[in-house]
Amino acid sequence: MTSKSSSDKPVGVIGAGNFGSVIANILANNRKVLLYARDEKVVSTILKTRKNRGHEMHPNVTPTDDLESLARQCDVIFPIVPSAHFRAMMKKLSPYLHPYHILIHGTKGFDLQLPKGETIETVKTLSREQVKTMSEVILEESVVVRVGCLAGPNLSRELAQRQPGATVVASPFQEVIQTGKRLLRNERFQVYENPDLVGVELAGVLKNIIAIASGGLSGLGYGENAKGLLISRGAVEMVYLGRVLGGNTKAFLGVAGIGDLVATCNSPMSRNYTVGYRLAKGETLQQIMDDMQEVAEGINTVRITKKCAEYYKARPLITDTLYKVLFEGMTVQDAVDYLMRYPLNVDIDFV
Amino acid sequence: MEILEEKKNKNIGYKPILDGIPDWPVYQLSKNRKEFLEEVTQKAMEQIRLLRPSRKQLLEELETTVFREQNRIKRNRWRVDPKDDARFWARVKNDLIELGSKSAEEAAKKEEDLLHEIVLRYAKEIAGTFNPSSYRFAREVIKFWFVRLLNGARVKKFGAIFRNRYSLRDKIHIVGKVKMLRRLAKKGTVVMVPTHFSNLDSILIGWVIHSIGLPAFIYGAGLNLFNISIFSYFMNSLGAFKVDRRKKNLPYLETLKMYSNVAIQKGAHSLFFPGGTRSRSGRIEKQLKLGLLSTAVEAQRNIYLESEGTDARKIFVVPVTLNYHFVLEAPDLIEDYLQVKGQDRYFVEEDNYGSFQFIKFLFKFFTKGSNISVSIGRGLDVMGNYVDDEGNSLDASGRIINAREYFMTEQKVTVDKQRENEYTRMLASRVVTEYHRINRVFASHLVAFVAFEMWLRKYPRLDLFGFLRLPEEDLEIPYDEFKETFKKVRKEIYRMKEEGKVRHATHLKGDLDVAIRRGLENVGIFHVKRPLLRARNGNIITQDLNVLYYYHNRLVGYDLEKFIG
């Protein structure tokens with residue numbers, strides 16, 4: 001599979017955020033990398049200082065603001081932009097893409113398409129017709145079919161410090177998985193395979209909900225018992241929701257499910273965790289969002305998941321309660337009290 | 001009974017796109033039959049060796065094959081089976097046993113020979129014989145008798161049988177992308193994939209292909225059809241190849257796929273029913289068999305692999321739906337379906353219809369006003385993209401794309417089985433979507449759907465089986481109530497048509513009472529027990545709930561249920 005000729009071709013990364021920069025650096029160990037940033041200031045800063053968002057950029061990374069030339073030069077592209085901008089980015093990129101391209105994205109959020117004039121509050125029902133994972137967006141918006149995703153416990157800062165970590169590359173195509181593995185693997189970074197693309201995407205997206213809740217518990221000063229309870233019940237809820245939305249159980253038990261869940265739920269570094277933590281400390285959602293540098297995907301995920309679950313007549317307890325905290329003014333303390341009183345006793349019913 | 005008038009076909013006749021039969025790819029294949037079969041055999045053997053690389057595995061495969069074949073001969077014998085079947089497999093079994101006493105080298109050689117013998121035998125069995133003079137003869141006979149029957153039956157006077165007032169075209173409507181199909185057949189190789197509801201499909205589609213001026217297609221028809229001797233004669237001369245669904249052993253399946261693959265690569269237009277077998281439930285196929293479909297993908301990749309330039313011949317997949325008011329086998333099909341539902345079993349391939357039944361059916365078909373329409377879909381490339389009239393693949397926004405690039409890794413066309421399996425799955429799901437879009441809703445489908453759903457709604461506590469066991473006498477819908485619901489659902493179908501999600505026959509439109517009457521008169525028209533009719537008091541009643549369920553199923557999958565009640 002590896003041929004000499006190919007190694008001259010650079011790999012593309014779209015999105016120079018935190019995670020995008022880290023992935024670009026990891027890829028740069030093996031290949032030349034083109035890193036696309038929407039903002040030309042970011043490009044010039046990287047060129048000048050070799051730094052971006054606090055990360056020292058690898059010499060193999062070249063920043064660019066030209067999508068067309070990136071698509072022309074790279075056969076393999078990693079789009080890593082927030083879910084809210086993902087479709088718009090794909091629409092811009094799509095004219096330059098060919099069926100030979102391979103796209104492996106690293107975005108953990110949902111895409112939402114609403115009829116004109118509707119907002120998520122006004123729309124009556126929300127189903128999988130309107131809610132799409134990123135790979136589905138890629139398939140809808142471009143001719144690319146060889147699509148995959150990255151997911152797993154990948155906290156940007158730890159990766160940047162070259163601490164040991166792992167990721168899953170998921171795709172129905174072995175070719176995509178092997179390409180992803182070859183490009184990403186190094187002695188500090190393990191890469192696992194999974195053919196269930198949508199399952200892995202859902203695991204990555206849904207864990208953000210639980211991460212917010214976990215931050216909330218810490219914010220209230222609760223300890224490890226509470227967290228153990230949350231993580232295990234949270235995992236059950238993820239499996240439950242995942243099935244409703246079209247994944248199967250297995251993906252949730254792996255690196256992208258439990259692995260990512262445990263990492264984010266214990267990490268003050270995670271944005272979603274921070275949201276929950278600060279809410280518990282009494283700040284409002286608006287205050288928190290105003291001074292965050294990058295989006296916490298979990299907030300939107302809670303909103304979309306709650307509405308979508310309603311359509312499928314599913315009752316995700318943690319998600320629904322969290323929704324009340326985020327958007328209906330319930331306090332974190334009340335939410336915990338409510339959950340603790342809720343009569344539920346079956347531990348596991350899906351294996 | 002009135003004829004349900006469709007919009008008159010503008011295109012009264014199509015000229016053949018190729019002048020003489022000698023130019024037809026299928027004729028070329030059949031002229032070089034021996035070389036062709038040998039090529040299929042060699043390539044199939046290569047494929048089998050790839051799948052069973054070690055000698056031990058190959059030996060096991062051969063033993064399994066013999067075991068299954070002998071079992072089939074014992075349990076499920078058909079008239080078409082070769083006379084020497086039992087003898088042949090007994091001998092192969094013997095040879096396999098004797099391998100034990102041979103030296104490794106000798107044994108390997110012998111194994112190879114046996115495999116060759118078996119695969120070649122299968123290839124010969126699969127291959128159709130296309131014979132131009134018997135093709136012409138069969139074609140004329142079919143046309144002649146169809147037209148005689150039609151005229152004799154329509155006008156109730158002796159002597160009318162010699163008139164030419166009605167032609168088959170009045171009976172069978174071909175709608176959709178006919179011109180495009182004709183163009184594509186000149187530009188590249190067409191793989192036509194129709195839905196499969198009735199044994200009549202094979203003959204019908206053969207007539208359609210001829211009548212729109214295309215050269216004969218090779219097509220995979222169930223071997224069981226060859227049991228019926230008139231079928232057998234016509235199909236053999238129309239270029240059919242035989243698919244024996246009783247044989248599920250590896251050498252057979254690989255030979256079958258390779259036959260289709262090589263034929264497509266050689267430019268022979270092909271046709272197969274990707275649903276594999278007739279739809280038992282009456283639903284439009286949702287799950288397609290990937291085996292034969294994958295041969296189109298593989299053949300296209302091979303063509304790209306072998307031709308570096310831009311002149312690579314393209315393969316076009318053309319979905320087709322056949323729309324009937326009446327399916328002869330409906331009562332048996334639905335019974336099969338209900339029996340095995342929920343149990344993971346294969347349908348036993350049986351056939352209860354001999355030549356006599358078939359002629360009887362044909363007569364009924366021509367004497368009563370039951371029309372058939374054939375919807376031809378837009379051409380797709382092997383990835384399921386639409387193509388334009390020139391055969392260029394288009395992306396969702398109408399830009400031309402180079403389909404070769406789907407098979408490329410690092411600037412080269414590569415062979416990747418796993419990738420192609422995935423592509424086949426994608427193609428299959430595209431074909432299913434297209435079926436739903438080009439499906440033509442008849443008034444008879446809609447009355448069946450509405451009535452069944454309305455009744456089902458009245459018994460929310462019963463599961464399907466419980467519901468189907470209700471005595472038919474208990475079921476009655478006041479006509480006005482029925483009309484109201486029919487109107488609502490029909491409106492929804494109009495809306496979906498606007499969105500390009502389905503099509504409907506022109507006879508569905510117009511006055512409500514007339515549309516309903518047409519539907520009631522035609523739904524399952526020749527069954528002894530009518531699935532739906534009006535009682536003396538005007539209410540809607542049924543005589544056979546199972547069969548009603550069958551016709552109702554035609555409209556399942558459009559999410560129309562929510563407009564009932």
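Start in the loop between β10 and β11 (412-413) of chain B, and select B:Glu410 there. Keep in mind that this is a predicted model. B:Glu410 is not a glycine, yet its phi is positive, at about 50°. Most residues other than glycine have a negative phi. Is B:Glu410 buried or partly exposed? It counts as partly exposed, because 16 C-beta neighbours lie inside 10 Å, and being buried takes 20 or more.

**The side of chain B that touches chain A**

Show both chains now. Here 12 residues of chain B are in contact with 13 residues of chain A. Select β10 (408-409) and α15 (417-438) of chain B: these are the elements that give two or more residues to this side. Which of them gives the most? α15(B) does, with four residues. Colour this side of chain B by class, and you get four nonpolar, two polar and six charged residues.

**Two crossing helices in chain B**

Next, select residues 330-340 of chain B, helix α13, and residues 545-553, helix α20. Their axes come within 9 Å and cross at roughly 90°. That makes α13(B) roughly perpendicular to α20(B). From α13(B), the contact uses B:Ala330, B:Pro331, B:Leu333, B:Ile334, B:Glu335 and B:Leu338. α20(B) answers with B:Asn546, B:Val547, B:Tyr549 and B:Tyr550. By class, this contact has eight nonpolar residues, one polar and one charged.

**A helix pair in chain A**

Move to chain A and select helix α8 (residues 197-219) and helix α15 (residues 317-327). They pack at about 60°, with their axes 10 Å apart. α8(A) is therefore oblique to α15(A). The crossing is left-handed. On α8(A), pick A:Ile209, A:Ile210, A:Ile212 and A:Ala213; on α15(A), pick A:Ile318, A:Thr319 and A:Leu322. This contact has six nonpolar residues, one polar and no charged ones.

**One face of α7(A)**

Select residues 174-184 of chain A, helix α7. Its buried residues are A:Val176, A:Ile177, A:Thr179, A:Gly180, A:Leu183 and A:Leu184. Now look down the axis of α7(A): the buried residues fall within an arc of 165°, so they line one face of the helix.

**Last stop: another positive phi**

Finish at A:Arg50, in the loop between α2 (40-49) and β3 (51-52) of chain A. A:Arg50 is not a glycine, but its phi is positive, at about 60°. Around A:Arg50 there are 14 other C-beta atoms within 10 Å, so this residue is partly exposed.

How values were computed
Residues are numbered from 1 along each chain as its sequence is written. Chains are lettered from A and ligands numbered from 1 in the order in which they are written. This is a predicted model: local features need pLDDT of at least 70, side-chain atom pairs count only at pLDDT 80 or more; totals for chains, interfaces and linings use all residues. Axes are lines fitted to C-alpha atoms, for helices over the stretch in contact, and angles run from 0 to 180 degrees between N-to-C directions. Angles under 35 degrees count as roughly parallel, over 145 as roughly antiparallel, 65 to 115 as roughly perpendicular and the rest as oblique. Two residues are in contact if their C-beta atoms, placed from the backbone, lie within 7 Å. Ala, Val, Leu, Ile, Met, Phe, Trp, Tyr, Cys and Pro count as nonpolar, Asp, Glu, Lys and Arg as charged, and the others, Gly among them, as polar. A residue is buried if 20 or more other C-beta atoms lie within 10 Å of its own, exposed if 12 or fewer, and partly exposed in between; C-beta atoms are placed from the backbone. The arc is that of the directions from the helix axis to the C-beta atoms. A crossing is left-handed if the near helix is turned anticlockwise from the far one by less than a right angle, and right-handed if clockwise.
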